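Keep the viewer open while you read.

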Amino acid sequence: MLLEETERLNQIVTRFLEFTRDAGKQQDDEPRFCRVENVVNKIQQLFSHQLAQQNIELRCSFNDPEISVKIQESHLRQILMNLLLNSIEAIGKNGWLQIEAQEESDGIIKIIVSDSGYGIPPEIAGRVFDPFFTTKDTGAGLGLAIVERIIASHQGTIQLAEDPSTNARFEIRLPKADKILK
Ligand SMILES: Nc1ncnc2c1ncn2[C@@H]1O[C@H](COP(=O)(O)OP(=O)(O)OP(=O)(O)O)[C@@H](O)[C@H]1O
Ligand SMILES: [Mg+2]
């Protein structure tokens, strides 16, 4: 019963995403790859006012500033926006948010987003990617479900770090782009 319901909600989200993807198709001839640092810089600008207002320090760390991934920029932007929004909500005032990117192995780029917020208790860790799962009064519970779908559609993965520390820590793996983008 519960499984059926979850499956139904999954299908709703998948269809919604397919719809938005198709809607964007006509006018979008965006490259299928992007440089992680470029996207992070844009996100930083977008959130700069909110980060300053809530006194949140955004730390970025890239082993190689040219690290590029096989995903179009607007999709990576959407992924990072949803994660950052969650982090900002979890921190409230005063804290830090960190984005790291590194080549993990044979053509896999690992992007880690972590924060100093209230953290994710182990008892809900298995459900945070479920569509409509939320612990917030006004949450839709769609942010992470959308993130997971976008990443999966690019042959990537996202998981919560096993690390039982109190900080929320998301690990994304995406194929490395062959081209180096300036
Ligand atoms: N960085 C984080 N720190 C603590 N808890 C988090 C974090 N990210 C996600 N969560 C937990 O996972 C749940 C699901 O997140 P998700 O982004 O999918 O939905 P939401 O934020 O509740 O609503 P929406 O994104 O649709 O506005 C959240 O309600 C929260 O309990
Ligand atoms: Mg959210």
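## Around the ligand

The residues of the shell around ligand 1 split into 10 nonpolar, 10 polar and 2 charged. Bear in mind that this is a predicted model. In total, 22 residues surround ligand 1, and the closest are A90, T134, G139, G143 and L144.

Which helices each supply at least two residues of that shell? They are α3 (73–91) and α5 (143–152). The largest share, 4 residues, comes from α3.

## The overall layout

Now zoom out. The protein has 5 helices and 7 strands, and from the N terminus the elements go α-β-α-β-β-α-β-β-α-α-β-β. Of its 182 residues, 26% are buried. If you take contacts between residues at least 6 apart in sequence, 72% of them join residues at least 24 apart.

## The sheet and its helices

An open sheet is built from 5 strands in the order β2-β4-β5-β7-β6, with mixed pairing. β2 (56–62) and β6 (157–160) are the edge strands with a single partner each, so each has one side without a neighbour in the sheet. On average, neighbouring strands here are turned by 15 degrees against each other, direction ignored.

Within the sheet, β5 and β7 pair in the antiparallel sense over 7 bridges, and V113 sits opposite F170 in β7. α3 packs on the sheet, where it touches β2, β4, β5 and β7. α5, meanwhile, lies across β6 and β7.

| Helix | Strand used for the angle | Angle |
|---|---|---|
| α3 | β5 | about 25 degrees |
| α5 | β6 | about 140 degrees |

Is α5 mostly covered or uncovered? It is mostly covered, with 7 of its 10 residues buried. Those buried residues are G143, L144, A145, V147, E148, I150 and I151. Two of them, G143 and L144, also turn up among the residues closest to ligand 1.

In soluble globular proteins, nonpolar side chains tend to be buried together. In this model, the largest nonpolar core has 36 residues, and V69 and L80 have the most contacts inside it. Elements that each supply at least two residues of this core are α2 (36–53), α3, β4 (95–105), β5 (108–115), α5 and β7 (169–175). α3 gives the most, with 7 residues.

Take a look at L80 itself. Setting aside its neighbours within four places in sequence, L80 is in contact with V39, V40 and I43.

Conventions:
Residues numbered from 1 in each chain as written. Chains lettered and ligands numbered in written order. Predicted model: local features only at pLDDT ≥ 70, side-chain atom pairs only at ≥ 80, totals over all residues. Near = placed C-beta within 6 Å. Nonpolar A, V, L, I, M, F, W, Y, C, P; charged D, E, K, R; others polar. Buried ≥ 20, exposed ≤ 12 C-beta atoms within 10 Å, placed from the backbone. Contact = placed C-beta atoms within 7 Å. Core = buried A, V, L, I, M, F, W, Y, C linked by C-beta atoms within 7 Å. Pairing = 2+ DSSP bridges. Axes fitted to C-alpha atoms, helices over the stretch in contact; angles between N-to-C directions.
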